[in-house]
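Work through the exercises below with the sequence and the 3D structure open. Each task is followed by a solution in steps.

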Amino acid sequence: MSGHPLDRPIWSMLTGRQAHLAEGDDRALRIDRGYGVFGVAADTGAGAQAALAALVPDEGELWIVEGEPASVPPGMREVKRAVLAQMVAEGAPPVPRAGEPDILPLGEDDAAEMATLAEHAKPGPWGPATHRYGPFFGIREEGRLLAMAGQRILVPGMAEVSGVSTWEDCRGRGLARALIGHVMRAMVRRSEQPFLHSYADNKGAIALYESLGFRTRREVHVLVIAR
């Protein structure tokens with residue numbers, strides 16, 4: 001087992017602070033199906049891999065995120081692989097810029113709009129309960145939800161910035177920067193260090209995160225499987 005919780009972020013999540021969201025047993029776990037599609041095996045042994053395969057839905061996918069590339073469990077098929085940059089915030093979070101728009105908390109009443117925005121922006125897997133992971137915040141203009149950001153994975157002393165989404169016609173206005181900064185400050189007030197994941201080839205996003213104080217810790221690997 002890894003000595004750092006971010007080397008196996010899903011295992012750390014589902015055996016620690018968010019164990020209440022886990023399905024499975026000590027051989028393999030997956031997130032509550034309303035929240036998302038992440039799963040993880042305890043190890044690479046046959047028993048754990050079979051238990052992980054049993055958690056794959058009849059229709060749909062399971063996403064495995066590990067420090068090293070994972071193998072496809074027996075009886076499953078590979079849908080895709082990707083490499084992520086795992087980034088951790090260093091130093092104090094950014095202070096708000098002059099003229100930044102008002103940032104509002106989002107909740108159950110906003111869930112449908114959040115899901116529609118996530119489907120458009122594709123910040124990562126989004127399920128019917130994803131908005132319940134933790135505090136989410138948004139920016140509205142004339143009632144329309146333009147952008148949002150929140151948190152997802154929680155590990156000891158750290159919280160993941162996630163769900164960063166902006167409508168295409170609203171990009172370039174600094175909305176994502178404002179929201180990420182707001183989420184980071186909320187985390188730091190709770191004595192949590194912000195981290196996040198970005199596709200390693202998304203240079204524009206990585207440049208934004210670096211400007212906000214994030215630095216790449218390591219690469220991690222995503223394997224998406226299905227029956």
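Contact means heavy atoms within 4.5 Å. The model is predicted, so to speak of local features requires pLDDT of at least 70 and side-chain atom pairs count only at pLDDT 80 or more, while totals for chains, interfaces and linings use all residues. Residues are numbered from 1 along each chain as its sequence is written, and side-chain values use heavy atoms, with hydrogens and water left out.

**Exercise 1. Describe the surroundings of Glu 66.**

Step 1. Locate the residue. Glu 66 belongs to strand β4 (residues 62–66). Helices (H or I, at least four residues) and strands (E, at least two) are DSSP runs, numbered from the N terminus.

Step 2. Classify its accessibility. Buried means under 20% relative accessible area, exposed over 50%, and partly exposed in between (1.4 Å probe, protein chains only). Glu 66 has 12% relative accessibility and therefore counts as buried.

Step 3. List the contacts. With residues up to four places away in sequence not counted, Glu 66 touches Asp 7, Arg 8, Val 40, Ala 41, Val 220 and His 221.

Step 4. Look for a polar contact, that is, a pair of N or O atoms within 3.5 Å; within protein, one must be able to donate a hydrogen and the other to accept it, and residues adjacent in sequence count only if both atoms are side-chain atoms. The side chains of Glu 66 and Arg 8 make such a contact at 2.6 Å.

**Exercise 2. Classify Arg 97 as buried or exposed.**

Step 1. Arg 97 sits in the loop between β5 and β6 (104–106).

Step 2. Its relative accessibility is 52%, so Arg 97 counts as exposed.

**Exercise 3. Determine how β9 is paired and how far it is enclosed.**

Step 1. Apply the pairing criterion: two strands pair if DSSP finds at least two bridges between them. β8 and β9 pair in the antiparallel sense over six bridges, whereas β9 and β10 pair in the parallel sense over three bridges.

Step 2. Val 155 stands opposite Met 158 in β9, and Met 158 stands opposite Gln 193 in β10.

Step 3. Inspect the hairpin of β8 and β9. Two residues lie between the strands, and Gly 157 takes a positive phi near 75 degrees.

Step 4. Count burial. Eight of the nine residues of β9 are buried, so the strand is largely enclosed by the rest of the structure.

Step 5. Take Ala 159 in β9 as an example. Ala 159 has a relative accessible area of 0% and is buried. Beyond residues up to four places away in sequence, Ala 159 touches Gln 151, Ile 153, Leu 154, Met 187, Glu 192, Gln 193, Pro 194 and Phe 195.

**Exercise 4. Why do the buried residues of α5 line one face of the helix?**

Step 1. Identify them. In α5 (residues 203–211), the buried residues are Ala 205, Ile 206 and Tyr 209.

Step 2. Look down the axis. The buried residues fall within an arc of 100 degrees, so they line one face of α5. The arc is that of the directions from the helix axis to the C-beta atoms.

Step 3. Check the other side of α5, where Lys 203 and Gly 204 are exposed.

Step 4. Name the packing partners. The buried residues of α5 pack against β5 (77–89), α4 (175–189), β10 (193–199) and β11 (214–226).
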